[in-house]
Amino acid sequence: MLNNDTQLEALWLQRLQQNDEQALAAIMRKYYTALYNYGTRFTNDEALVKDCIQEVFISLWQRRESAAEILSPRYYLLRAVKNKVLKSLHQHTIRINAMESESAYDFYHEFSVEKLIIDKQMSEEQATTLRKTMTKLSKRQHELIYLKFYQHLDHAQIAGLMNLNRQSVYNLLHETIQKLRSLWQAELYN
């Protein structure tokens, strides 16, 4: 059985296929903030990100006849925005080496340690240790954590966004968690 969000999204996509502009507006309201936050992880150029999001929604409207093929609007839109932003950056002569190296692009995200403190009842010392530990992760590991734990995407969706195969996502997540554990332990005993 589908949950309420999934049912609502399916209804929006169906209405979108029937040329209902209000359905597009509803999708935009629901996802704009998440798309903007994700887009600004790749560049500090907020205007560029806003333009890319607008282009993605225009493209969605232009291709509305095939909207039923979209299984997850969140994944579809995040992927489209990432692709648009990276393509725009490339076109503006910022060389991105097809995601082959970690330095191919910058992924900006300041993890909300304050939320972790509230959620886990951590002391200030533990929060400082966590901040210090997180800085030792690679950009791809930061992106993986953001997509998995902040955007709640599944492994297949993360694989698509990060241009990895599914097994690589599992491996990278396992490696990242192991690294966090060992860094955490090292920080606690220093």
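K84 is partly exposed, with a relative accessible area of 27%. The model in which this residue is described is a predicted one. The side chain of K84 forms a salt bridge with that of E55, at an N to O distance of 3.6 Å.

- E55 is partly exposed, with a relative accessible area of 36%.

**Other salt bridges**
- The count of salt bridges comes to three.
- E143 and K82 meet through their side chains in a salt bridge of 3.2 Å, N to O.
- Because E143 lies in helix α7 (residues 139–150) and K82 in helix α4, the pair ties together parts that are 61 residues apart in sequence.
- E143 and K82 are both buried.
- R15 and D20 form a salt bridge in which the closest N and O atoms are 2.7 Å apart.
- R15 is partly exposed at 25% relative accessible area, and D20 is also partly exposed, at 21%.

**Helix α3**
- Helix α3 covers residues 46–62; at 1.5 Å a residue, its 17 residues should span 24 Å, and the end C-alpha atoms are 24 Å apart, which agrees.
- Buried residues of α3 include L48, V49, C52, I53, V56, F57, S59, L60 and W61.
- The packing partners of the buried α3 residues are α1 (4–17), α2 (21–39) and α4 (73–91).

Key: Residues are numbered from 1 along each chain as its sequence is written. This is a predicted model: local features need pLDDT of at least 70, side-chain atom pairs count only at pLDDT 80 or more; totals for chains, interfaces and linings use all residues. Side-chain values use heavy atoms; hydrogens and water are left out. Helices (H or I, at least four residues) and strands (E, at least two) are DSSP runs, numbered from the N terminus. The expected span of a helix is 1.5 Å times one less than its number of residues. Buried means under 20% relative accessible area, exposed over 50%, partly exposed in between (1.4 Å probe, protein chains only). Contact means heavy atoms within 4.5 Å. A salt bridge is a side-chain nitrogen of Lys or Arg within 4 Å of a carboxyl oxygen of Asp or Glu.
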